[in-house]
Amino acid sequence: MLGQTAVNWGTIALATLALVAIMFLLAVLLAWRNGQRRQRAIAIAQERAKQAEAQVNEVLKTQAEMQGKLTAIAETFGSRQSEMTQTLNQRLDAMTHRIGQSISEQQRSTHDNLSQLKERLAVIDTAQNNIQQLAGQVVELQSILSNKQTRGAFGQGRMEAIIEDGLPHGAYEFQATLSNSKRPDCVVSMPNDAPGLVIDAKFPLESWNAIRNAADVAETSAAQRRFASDMATHIKDIAGKYLIAGETQDTAFLFVPSESIFADLHEHHEGVVQMAHKHRLVIVSPSLLMLSVQVIQALLKDARMREQAHLIQAEVIRLVEDLGRLDDRVRKLQTHFGQANSDIEQILVSTNKIGKRGRKIETMDFEPAETAKTVAKPQDETPSAESASGQLRLRVVEGDDNASAK
């Protein structure tokens, strides 16, 4: 009994069978669904596997392409690297060569500069030695100028050198003795028996140096007064000793052995210059003395030219006579040349005539003798006209030849 319903074993069995069938169906359904699911899962898995395989193939293809590209890139990079290496090597070689040339040129330039530097140092050493020698000479000159006698000898030496270089020998005399027993430094002989020109080479250098070395205005004034006094004394001595009427010129030269002293004297000591002019003295420097000597030389040359004027005139007259004789001889030679030209023209006329006669002889026609005998008749012994004309032509030609020969 199941509740109020009676249940037998058959029903139970049927129910059990139905339940088992239902459970079986459910199991089959579940199995089928599971199979469907598995198939779908397998299909999905296969699809996914295909997709994965396709993706793997795509990846492999891409990898192969990438590998090819990498290989090409590697080859390109290798070639570029080799080219770059070669270019770098070439540039390094060129740079090394340039650096070597630059270093060689720099070494050569350095060597040349060192050589020039050595030469300049040698020149500087030589100049230094010359400066040292010049300094020694200046010291010697200072010592010479500090002594009055040696200074006078120095000034006289310069004056004598200028006179000897500018005037011929015999036109001057050093330390000549005048009629008053005075001996000037130089007496220049003037042309036309004019009195000689006296040149004095002494100069009070101590007073002038005192002016130059003065420390203040008082010392300068004192030195100037001393210098003016010494110059006045020296100028008066020259005017009183060397200016002798009829024996020397009315003007004498006071030689100053330095251009700087001469310029300073005319610039700052005008009173001394005026005093010298008043006493008929001319203060001259070496350049002015040289100019004066050249003027005197021109005067002496002019005097000698005037003295030799008659000799020059005689030589000119002889030259004119020789020129006349030369003109006569040239005219005679011209006459001879004219006669020779006339003779040559006549000879050319004769040769032209002879040539014409020869051409005429060449153009003549003469018949052979045998032909003439065959043609001529026995009874006709007189010559034919043609033979007569030929003989006539021959005679005429012979007459022309005899005339030409004559």
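What you're looking at is a predicted model, in which local features need pLDDT of at least 70 and side-chain atom pairs count only at pLDDT 80 or more, while totals for chains, interfaces and linings use all residues. Residues are numbered from 1 along each chain as its sequence is written, and side-chain values use heavy atoms, with hydrogens and water left out.

Let's start with the big picture. The protein chain has 10 helices and 5 strands; these are DSSP runs numbered from the N terminus, H or I over at least four residues for helices and E over at least two for strands. Of its 406 residues, 18% are buried, meaning under 20% relative accessible area with a 1.4 Å probe, counting protein chains only. The chain exposes about 30600 Å², and carbon and sulfur atoms supply 58% of that (areas by the Shrake-Rupley method with a 1.4 Å probe). Take the contacts (heavy atoms within 4.5 Å) with a separation of 6 or more: 64% of them join residues 24 or more positions apart.

Strand 1 meets strand 2 (residues 186-188) in the antiparallel sense, over 3 bridges, and E173 has V187 of strand 2 as its bridge partner.

On to the cores. A nonpolar core is a set of buried Ala, Val, Leu, Ile, Met, Phe, Trp, Tyr and Cys residues joined through side-chain atoms within 4.5 Å. The largest one has 28 residues, and F203, F227, M231, L265 and I283 touch the most other members. Helix 3 (205-212), helix 4 (217-242), strand 4 (252-255), helix 5 (259-268), helix 6 (270-278) and strand 5 each give two or more residues to this core, with helix 4 providing the largest share, 7 residues. Apart from it lies another core of 19 residues, including M159, Y172, L197 and I199.

Finally, look at how helix 5 and helix 6 meet. Their axes, lines fitted to C-alpha atoms over the stretch in contact, are 5 Å apart and cross at about 95 degrees, on a scale from 0 to 180 degrees between N-to-C directions. The two helices are therefore roughly perpendicular to each other, a label for angles of 65 to 115 degrees. Helix 5 makes the contact with L265, H266 and H268, and helix 6 with E270, V272 and V273.

How values were computed
Two strands pair if DSSP finds at least two bridges between them. Buried means under 20% relative accessible area, exposed over 50%, partly exposed in between (1.4 Å probe, protein chains only). Angles under 35 degrees count as roughly parallel, over 145 as roughly antiparallel, 65 to 115 as roughly perpendicular and the rest as oblique.
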